[in-house]
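Try each task before reading its solution.

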Amino acid sequence: MFNVDLLVNALTTLLVTLDPPGLAPIFLSLTVGLSRQERFQVATRGSLIAFFILAAFAVFGNGILGLLGISIGAFRIAGGLLLFWIAFEMIFEKRQERKEKTGENATVKDHIHNIAVFPLALPLIAGPGAISATILLAGSFPTAVERAQLLIVIALSMFSLFLALVIAERIDRFLGVTGRAILTRLLGVILAALAVQFVVDGVKSAMAL
């Protein structure tokens with residue numbers, strides 16, 4: 001019933017992909033001028049919206065792939081390559097720059113009360129990487145009970161992200177520029193290894209090995 005290794009792998013994949021410590025300083029820049037209570041509301045709303053987006057892909061993602069005639073093996077290969085590219089960006093600090101640019105542009109274009117939806121929930125939290133990782137993980141949780149376990153893992157990951165947003169100021173002060181750079185690169189290496197494993201599993205599935 002409970003595959004501990006699989007659950008730990010799923011939790012690790014989602015946490016690394018979501019990157020709560022890396023998102024904390026961006027959240028602060030998006031919510032400049034807001035009170036602590038207003039920031040809490042933005043963090044709560046953004047985390048809940050992102051959870052429902054990822055939960056929807058966890059439940060219906062494989063069905064959508066089936067309608068499109070895409071095998072889970074093929075998607076694992078494609079998703080693994082995408083996650084590897086995200087890991088590459090994390091290691092060389094390209095992803096952080098892109099997220100910061102997205103946040104700056106969105107703050108200008110949208111009203112401050114809508115930032116919980118865009119760009120926080122989409123695409124900063126539930127972005128292409130997180131969505132791809134969710135659909136990939138869903139392939140390893142085929143039954144209804146196992147899919148419920150995956151939803152719990154997504155909820156735990158989102159709660160961890162929510163906590164990071166709530167204490168974003170403390171995280172930013174504690175890590176500093178050097179700490180964020182080291183942590184981001186370390187998480188990037190871990191994500192790269194997980195991405196390669198997805199590709200390997202996808203090749204085995206596609207070739208029926």
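## Exercise 1: a helix pair

In this predicted model, helix α2 passes α6 in a right-handed crossing. Work out how the directions of α2 and α6 relate, and find which residues meet.

Solution. Start with the axes: those of α2 (residues 20–30) and α6 (residues 116–125) come within 11 Å and cross at roughly 155 degrees. Angles over 145 degrees count as roughly antiparallel, so α2 is roughly antiparallel to α6. Now look at the side facing α6: α2 brings L23, I26, F27 and L30. Their partners in α6 are P119, L120, L124 and I125. As a reminder, an α-helix has 3.6 residues a turn, so residues three or four places apart point the same way.

## Exercise 2: a helix that falls short

Compare the end-to-end distance of α9 with that of a straight helix, then locate the kink in α9.

Solution. Helix α9 spans residues 168–206, which is 39 residues. At 1.5 Å a residue, a straight helix would reach 57 Å, but the end C-alpha atoms of α9 are only 42 Å apart. Next, look along the helix: a kink of about 90 degrees is centred on G176. Finally, step just past α9, where A208 has a positive phi of about 55 degrees.

## Exercise 3: one alanine

Is A192 buried or exposed, and which residues does A192 touch beyond those up to four places away in sequence?

Solution. First place A192: it lies in helix α9. Its relative accessibility is 14%, and buried means under 20%, so A192 counts as buried. Leaving out those sequence neighbours, A192 touches F84 and A87. To finish, take F88: F88 and A192 are 104 residues apart in sequence, yet 7.4 Å apart in space, C-alpha to C-alpha.

Methods. Residues numbered from 1 in each chain as written. Predicted model: local features only at pLDDT ≥ 70, side-chain atom pairs only at ≥ 80, totals over all residues. Heavy atoms only, no water. Helix = DSSP H or I, 4+ residues; strand = E, 2+ residues; numbered from the N terminus. Expected span 1.5 Å × (residues − 1). Bend = angle between axes of the 7 residues up to and from the residue. Buried < 20%, exposed > 50% of the residue type's maximum accessible area, 1.4 Å probe, protein only. Contact = heavy atoms within 4.5 Å. Axes fitted to C-alpha atoms, helices over the stretch in contact; angles between N-to-C directions. Parallel < 35°, antiparallel > 145°, perpendicular 65-115°, else oblique. Left-handed = near helix turned anticlockwise from the far one by under 90°.
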